[in-house]
Amino acid sequence: SWYLNGKVLQNSDKYIITRTQTTHSLTIKRVTRSDRDAEVKFVTNGLEATAKIRLREEAAKFIDTVGSAPGISVRLSEKFELVCEVSSEHESVVWKKGQKEIRPDERTAYTFQGKQRKLIIRDARRQDEGVYICETKDDKITFHVEVKEPEEVFANKEKVQQEVRAVISGNACLSCEVSQAKTEVKWFKERKQITASRKFRLESEGRSRQLIVQQVEKKDAGEYTCEAAGQKVTFRVITTEAEDVFAN
């Protein structure tokens, strides 16, 4: 007799029991996760043998790859992400560029959430261009990454008045133009970011970007930059006394 978890089995659509003169066999059809670790026992003529059902996990596959390699284009200095999904939440993956495994570092990280697997690379560089592979034990998916030159953030740079002379107690206006009206810029003096205050007024209208230094003092002289997307325009403010202006 055959038993499953202590329950005697009979021939059915799920269980097929066969015997010959020398062998006895049990076939279990349509095995499910509920059968995991179930105890199977065979008893005959006072002898018995037991075994446990061990399930082999189905090979994890990538979902919705459609047999094609995704491709992305990224600008220099931008962040990019490669994202895919596997059929099992518990499946680990290995990321490679070419045949070399990718290790996390200050620019590179990978994450997993549920079935999603993601490779994140910050500050794209020329050497980041190429073919990337995400692998499980039984499947893989490839990505083609193209790294392009950054778009020009600032327009008409040749028209920018980069040397600005400002009279003490007056105002100094630093002005430039961006290519896209939605571009956000940051202003710096000697690498220290400037925020709006009684001293500094930051203006943005259309594609125009202005920094107005109010009530100029001698200490306001120096180098200023307007920066966005890794590009910048540099200004130099020179302070003068009022009489210096009229002397010329």
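Rings of Phe, Tyr and Trp, the last represented by its six-membered ring, are taken as a pair if their centres lie within 6.5 Å, and a pair is called stacked when the planes are under 30 degrees apart, edge-to-face when they are over 60, and tilted otherwise. The model discussed here is a predicted one, and by this rule it contains four aromatic pairs.

One of these pairs is formed by Trp 2 and Phe 42, whose ring centres are 4.7 Å apart and whose planes make an angle of 40°, which is a tilted arrangement. Because Trp 2 belongs to strand E1 (residues 2-4) while Phe 42 belongs to strand E5 (residues 39-44), the pair ties together parts that are 40 residues apart in sequence. Trp 2 is buried, its relative accessible area being 13%, and Phe 42 also counts as buried, at 14% relative accessibility.

Another pair consists of Trp 95 and Phe 143, where the centres are 5.8 Å apart and the planes stand at 35°, so this pair is tilted as well. Here too distant parts of the chain are linked, since Trp 95 sits in strand E9 (residues 94-97) and Phe 143 in strand E14 (residues 140-148), 48 residues apart. Trp 95 has a relative accessible area of 2% and is therefore buried, and Phe 143, with a relative accessibility of 4%, likewise counts as buried.

The strands that carry this second pair can be followed through their pairing with strand E13. E9 pairs with strand E13 (residues 130-135) in the antiparallel sense over four bridges, and within that pairing Val 94 has Glu 135 as its bridge partner. E13 in turn pairs with E14, again in the antiparallel sense, over six bridges, with Gly 130 and Val 145 as bridge partners. E13 and E14 form a hairpin, with four residues between the two strands.

Elsewhere, three strands make up an open sheet with antiparallel pairing, in the order E8-E12-E11. Its edge strands are strand E8 (80-85) and strand E11 (108-113), each of which pairs on one side only. Neighbouring strands of this sheet are turned against each other by 15° on average, when direction is ignored. E11 and strand E12 (residues 116-121) are joined in the antiparallel sense by six bridges, and Thr 111 stands opposite Lys 118 of E12.

A further open sheet has four strands in the order E15-E17-E21-E20, and its pairing is antiparallel. Strand E15 (154-155) and strand E20 (200-205) stand at its edges with a single partner strand each, so one side of each has no neighbour in the sheet. E15 pairs with strand E17 (residues 172-178) in the antiparallel sense over two bridges, and Ala 155 stands opposite Glu 177 in E17.

The last stop is Lys 189, which is found in strand E18 (residues 186-189). What is the nearest side chain of opposite charge to this buried lysine, and how far away is it? That side chain is Glu 190, at 4.2 Å, and Lys 189 has no salt bridge; the cut-off that matters for this step is a side-chain nitrogen of Lys or Arg within 4 Å of a carboxyl oxygen of Asp or Glu. A polar atom of the Lys 189 side chain does, however, lie 3.3 Å from the backbone oxygen of Ala 221.

Terms used
Residues are numbered from 1 along each chain as its sequence is written. This is a predicted model: local features need pLDDT of at least 70, side-chain atom pairs count only at pLDDT 80 or more; totals for chains, interfaces and linings use all residues. Side-chain values use heavy atoms; hydrogens and water are left out. Buried means under 20% relative accessible area, exposed over 50%, partly exposed in between (1.4 Å probe, protein chains only). Two strands pair if DSSP finds at least two bridges between them. Axes are lines fitted to C-alpha atoms, for helices over the stretch in contact, and angles run from 0 to 180 degrees between N-to-C directions. Lys and Arg count as positive and Asp and Glu as negative; His and the chain ends are not counted. A polar contact is a pair of N or O atoms within 3.5 Å; within protein, one must be able to donate a hydrogen and the other to accept it, and residues adjacent in sequence count only if both atoms are side-chain atoms.
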